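Here is a short briefing on one protein chain. Keep the sequence and the 3D view open as you read.

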Amino acid sequence: MENGDGRDGAIMFSDDELSEISGLKRGGDYIEVTCGCTSHRYGDAVGRLRVFARGDLEINCECTPGCQEDKLTPAAFEKHSERETARKWKSNVWVIFKGEKVPLSKTVLLKYYNQASNAKSSNKSHNGRPCHRDEFLRCTRCNKERRFRLRTKEECRIHHDSLADLNWKCADLPYDKITCDNEEERASRKVYRGCSRSPTCRGCTSCVCFGCDICRFSDCNCQTCIDFTRNAET
């Protein structure tokens, strides 16, 4: 099966690149290998690492027979393993290469992850900063959608926290002083979301951000921000 990048698990890497890596399996749009992370106190936590052509990395943990942790990011797997010097998953998560534990950073397995990361970092507006289009959130009281501008870190934080609030309502907006009595934006107006490439863009690489230092927050305890902060520090 071929994925959107035009690559499948059979041709992502050459046989020579993978021949000495233990536990290799090839899937539709990924390859899978044995991986692990070592805690000086608890020993090795072993898992199965899937490397996708789109750049995603997923680990199914097999540290104990009954472990239910799957589809972990490498950073989350590192934390789950109780690694003492965490926050450096590229160095701490290893695979078996020629019978030895080798950090991911010293293998070819991060090739597509690094390509995807570089593509995300190129998602910049004309002034060099990441561009975020406007987003909408629905009020739990009146059911009207309200616009959030995401031009600054402060505005991104307001939207981030509001999105996590299961009881968010119009009156919680700190700007624009909107209440449930205000009319909702017309549909013809909602299509304009601030993309620098096209005013009526429905979402492109110029206005959809998958994580940057403006829309992710080191003091936030959500898993998305935790993973971004950890990965950025490595």
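What covers the buried residues of H7? The cover includes helix H2 (74-80) and helix H5 (153-164). This is a predicted model: local features need pLDDT of at least 70, side-chain atom pairs count only at pLDDT 80 or more, and totals for chains, interfaces and linings use all residues. Residues are numbered from 1 along each chain as its sequence is written, and side-chain values use heavy atoms, with hydrogens and water left out.

**Helices and burial**
- Helix H7 spans residues 223-232. Its buried residues are Cys225, Ile226, Asp227, Thr229 and Arg230.
- Buried means under 20% relative accessible area, exposed means over 50%, and partly exposed lies in between (1.4 Å probe, protein chains only).
- Helices (H or I, at least four residues) and strands (E, at least two) are DSSP runs, numbered from the N terminus.
- His159 belongs to helix H5. His159 has a relative accessible area of 11%, so it is buried.
- Beyond its neighbours within four places in sequence, His159 is in contact (heavy atoms within 4.5 Å) with Glu135, Phe148 and Leu150.

**Aromatic pairs**
- The whole structure holds 4 aromatic pairs. Rings of Phe, Tyr and Trp (its six-membered ring) pair if their centres lie within 6.5 Å; planes under 30 degrees apart count as stacked, over 60 as edge-to-face and the rest as tilted.
- Phe13 and Tyr112 form an edge-to-face pair, 5.4 Å centre to centre with 70° between the planes. Phe13 is in the segment before helix H1 (15-18), Tyr112 is in helix H4 (residues 111-121), and they are 99 residues apart. Both Phe13 and Tyr112 are buried.
- Trp89 and Tyr113 are edge-to-face because their ring centres are 5.3 Å apart and their planes stand at 85°.
- Trp89 is buried at a relative accessible area of 0%. Tyr113 is buried at 15%.

**Charges over rings**
- A charge sits over a ring if NZ of Lys or CZ of Arg is within 6 Å of the ring centre and within 35 degrees of the ring normal.
- The charged end of Arg157 sits over the ring of Phe217, 4.8 Å from its centre.
- Lys190 has its charged end over the ring of Phe136, 5.6 Å from the centre.

**Cysteines**
- The search finds 0 disulfides (cysteine sulfur pairs within 2.5 Å) in the whole structure.
- For Cys156, the nearest cysteine sulfur is that of Cys215, 5.6 Å away. Cys156 is buried at 4% relative accessibility.
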